Amino acid sequence: MKQGVDSVPAGRTFAWELCDLAVAAAREAADLVRAQRAGGIGHVATKSTDTDVVTSADRAAERLITDRLRHARPADRILGEESGTHAGRSPVNWLVDPIDGTVNYVYGLGHYGVSIAAQVNGVTVAGVVRDIDSGAQWHAVRGGGAWRDDRRLTGSAVTDLGVALVATGFGYQPQRRARQGAVVAGLLPHIRDIRRFGSAALDLCLAAEGLVDAFYESGLNTWDFAAGGLIAEEAGLRVTGLAGAPAGADMVLAAPPALYGPLHERLAALDAAAG
């Protein structure tokens, strides 16, 4: 259904309508990316540093998603990782990461996904993350729970930080990486182990599903964590920054209530948001 008006319908039905649109766009984009990889990677360029890569598939998938969202809801705003801001007069804003985990995509490592979130008046109300390689899909609507396909998610049942498996990631700037490495070194003695898979969007979904016990990372962009953060939150995890700050560029921490306090305390003591 096309919607070109300024007003936004209220209630759960509208959020699910946005989620359905995101799910359809993510599925089509994932199919495109998978087909392009089967045919060869094509052009690979760099962005912020020599290690921060972008491919023709990133750009093609983002164009496809943008076209689908624009066709269905021409008044909405869109923020894409590769193409930037697309203006609109609707209170709905879409956050699009066409391939989160592009380095994995380039190397043929199977952990990269499409992430699409919908915000209304700045609040994320719907999100979908689709693993491009496996086809697994996670989605959530605010107040409607988090799901992997048709199975509702409830996060990890682990209550002891000492046996928690924690996922994290690293930025592309050398100074940030050095700081993040120091945080990992300080955290490792207090947890079971660290996992670094290379896609924050998928890592948040793994935390929502309980396949890892918690996640944290500094230096993320909004499109990296908007959908995955909602999925984790709707699975019952606390998703914040540090010291009372909301999740954002300084820090995204997602953990079940039993792990949140001790993990937050460790990360704060390590000044993890500084890196």
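Modeller: Let's begin with one word: a residue is buried under 20% relative accessible area, exposed over 50%, and partly exposed in between, using a 1.4 Å probe and protein chains only. By that rule, 53% of the 275 residues of the chain count as buried. The model is predicted, so local features need pLDDT of at least 70 and side-chain atom pairs count only at pLDDT 80 or more, while totals for chains, interfaces and linings use all residues. Residues are numbered from 1 along each chain as its sequence is written, and side-chain values use heavy atoms, with hydrogens and water left out.

The chain has seven helices and 15 strands. These are DSSP runs numbered from the N terminus: helices are H or I with at least four residues, strands are E with at least two.

Helix 5 is mostly covered, since ten of its ten residues are buried. Among them are Leu-202, Leu-206 and Ala-207, but also Asp-203 and Glu-209.

Zoom in on Ala-207, which lies in helix 5. Ala-207 counts as buried because its relative accessibility is 0%. Setting aside neighbours within four places in sequence, Ala-207 is in contact with Gly-155, Ser-156, Val-212, Ala-214, Phe-215 and Leu-237, where contact means heavy atoms within 4.5 Å. Ala-235 is 28 residues from Ala-207 in sequence, yet their C-alpha atoms are 8.9 Å apart in space. Across the chain, 61% of the contacts between residues at least 6 apart in sequence join residues at least 24 apart.

Now for a partner. Two packed helices are described by the angle between their axes and the distance between the axes. Helix 5 brings Ala-200, Ala-201, Leu-204, Cys-205 and Ala-208 to the contact, and helix 6 brings Asp-224, Phe-225, Gly-228, Gly-229, Ile-231 and Ala-232. By class, that makes eight nonpolar, two polar and one charged residues. Nonpolar covers Ala, Val, Leu, Ile, Met, Phe, Trp, Tyr, Cys and Pro, charged covers Asp, Glu, Lys and Arg, and the others, Gly among them, are polar.

Next, the cores. A nonpolar core is a set of buried Ala, Val, Leu, Ile, Met, Phe, Trp, Tyr and Cys residues joined through side-chain atoms within 4.5 Å. In the largest one, with 35 residues, Leu-18, Ile-65, Trp-94, Val-114 and Ile-116 touch the most other members. At least two residues each come from helix 1 (12-38), helix 2 (56-72), strand 5 (92-100), strand 6 (113-120) and strand 7 (123-131). Helix 1 gives the most to this core, with 13 residues. A second, separate core of 33 residues takes us back to helix 5, as it includes Ala-208. Leu-153, Leu-230 and Val-252 are also in this second core.

Two loop residues elsewhere are worth a glance. Most residues other than glycine have a negative phi. Asn-121, although not a glycine, has a positive phi of about 50°. Asn-121 sits in the loop between strand 6 and strand 7 and is exposed, at 61% relative accessible area. Asp-149, also not a glycine, has a positive phi of about 55°. Asp-149 is in the loop between strand 9 (145-148) and strand 10 (151-152) and is partly exposed, at 45%.
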